[in-house]
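Subject: Structure for your review

Dear colleague,

Please find below the structure that I promised to hand over, with the sequence alongside.

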Amino acid sequence: MTGTPHLGRRNFLLAGTALGATALVAACTSNTPPEQAGPANVGTGGGDNAQPGRHVTIGFSAPAADHGWMAAITRNARAQAEQYSDVTLKATEGTNDVNQQIAQVETLINEKVDVLVILPHDGKALTGVALQAMQAGIPVINLDRVFDTPLAYRCWIGGDNYGMGVSAGNYIAAELRRRNISNPVIAEIAGIDSLPLTQERSAGFRDALSSHGLQVSHRVAAEFTVESGERQASNLLQAASRIDALWNHDDDQGIGVLAAIEAAGRREFFMVGGAGSRNAMDAIKADNSVLKATVLYSPSMASSAISLARLLAQSKGMGDLAEREIPASITTYSAVVTKENVDQYLPVGFES
């Protein structure tokens, strides 16, 4: 593959140059005034989409709110729906029972809601019922945990797990450089290792560090809970007598991680969190612990999903885009929250 992409790009650019020259000649010899050659497609950039439109009913289904991030998902969805006088939200009771979630979605289909927003407990298991909705003419907004096939949704919106790891790795590399630390010991406390999202976060973290000539020295996996975070952090601290930087994938389990760090009396390193809880942001702002930053994986995506569902049901596009339909997929950005910018992100912080 070496060299081939560059040659291909060069040929493409040469072809593009020739095409551009041909177009220029045509423009110079044409009798049609430029303004009559056809309208340009531009984004309207207007706020008309916020004005009340056709009333729509949005069905909403998500797992149980047994985790700070997941609780915020449902809370944000409800709050966003309340902003619209032309929206009725039918939200099911959150459950981690796959069969129960399937039954709840089937009920919403039978009630003929206009559009569905589904964050599946298990994307593979819920794919069938999402396909059922699509085949019944009810478009589906797939929130975060993706279904097995794009046929099961009209639009997917979710976080960037790989990008989350990249953002954490790049921040840590820059901070180590700023602190003039050479040959650093970098530790990682992941989430549930069997989940693709955890694997993607770790892959992004490794790749970002590698691009700076760095690598992970110690790694443990927790379970996205306070208890597991404290337990695994204690194991890590016992195994590593020195640490220079630590990335913890999840701010909920980070409560336990920080408790273990405090109990061990370790202060020689700095820590980066994940997801963007209000607790983490408050600690970053106070600047009185090892936690110096967190990488966003914001549950505000649920608010955006409700807005997209409304636009979809009303046959509208996104006001600032030229396309007349909403996109097929939207990936949120994993910004790094630090003491310098924390006030900007506090409104999207969620309670752990």
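Throughout these notes a residue is called buried when its relative accessible area is under 20%, exposed when over 50%, and partly exposed in between, with a 1.4 Å probe and protein chains only. By that scale K90 counts as partly exposed, because its relative accessible area is 34%.

Please keep in mind that this is a predicted model, in which local features need pLDDT of at least 70 and side-chain atom pairs count only at pLDDT 80 or more, while totals for chains, interfaces and linings use all residues. Residues are numbered from 1 along each chain as its sequence is written, and side-chain values use heavy atoms, with hydrogens and water left out.

Salt bridges

A salt bridge here is a side-chain nitrogen of Lys or Arg within 4 Å of a carboxyl oxygen of Asp or Glu, and a search of the whole structure on that criterion gives 15 of them.

E111 is partly exposed, with a relative accessible area of 41%. K90 can also be placed relative to R78, which is twelve residues away in sequence and 9.3 Å away in space, C-alpha to C-alpha.

A salt bridge also joins R278 and D282, at 3.1 Å from N to O, and here both residues belong to helix α9 (residues 278-286), where they are four residues apart, about one turn of the helix. R278 is partly exposed at a relative accessible area of 30%, and D282 is partly exposed at 36%.

In the salt bridge between E223 and R231, the closest N and O atoms are 3.8 Å apart; E223 is partly exposed at 46% relative accessible area, as is R231 at 39%. Finally, E175, R178 and R179 are linked in a network of salt bridges.

Strands

Two strands are taken to pair if DSSP finds at least two bridges between them. Strand β5 (residues 155-158) is covered on both faces, with C155 and I157 buried on one side and W156 and G158 buried on the other. With strand β4 (residues 140-143), β5 pairs in the parallel sense over three bridges, and L143 has I157 as its bridge partner in β5. β5 also pairs in the parallel sense with strand β11 (residues 329-331), over three bridges, where the bridge partner of W156 is S329.

Elsewhere, strand β6 (residues 186-190) and strand β7 (residues 218-221) pair in the parallel sense over four bridges. The chain crosses from β6 through α6 to β7 in a right-handed β-α-β crossover, a term that applies if, with the strands pointing away from the viewer, the path from the first strand over the helix to the second runs clockwise.

In the loop between α5 (161-178) and β6 lies N180, whose phi is near 60°, a positive value in a residue other than glycine. N183 lies in the loop between α5 and β6 and has a positive phi of about 45° although it is not a glycine. N180 is exposed at 69% relative accessible area, and N183 is exposed at 67%.

The largest pocket

A pocket is an open set of points on a 1 Å grid over the protein atoms alone, where a 1.4 Å probe fits, with protein on both sides within 12 Å along at least five of seven lines, and lining residues have an atom within 4 Å of a point. The largest pocket holds about 1,000 Å³ of space, a volume being the space filled by probe spheres set on the points, which are joined across faces, edges and corners. Of its 37 lining residues, the closest to its centre are M70, R145, L195, L197 and F224. α6 gives the most to this lining, with four residues.

Best regards

How values were computed:
Helix = DSSP H or I, 4+ residues; strand = E, 2+ residues; numbered from the N terminus.
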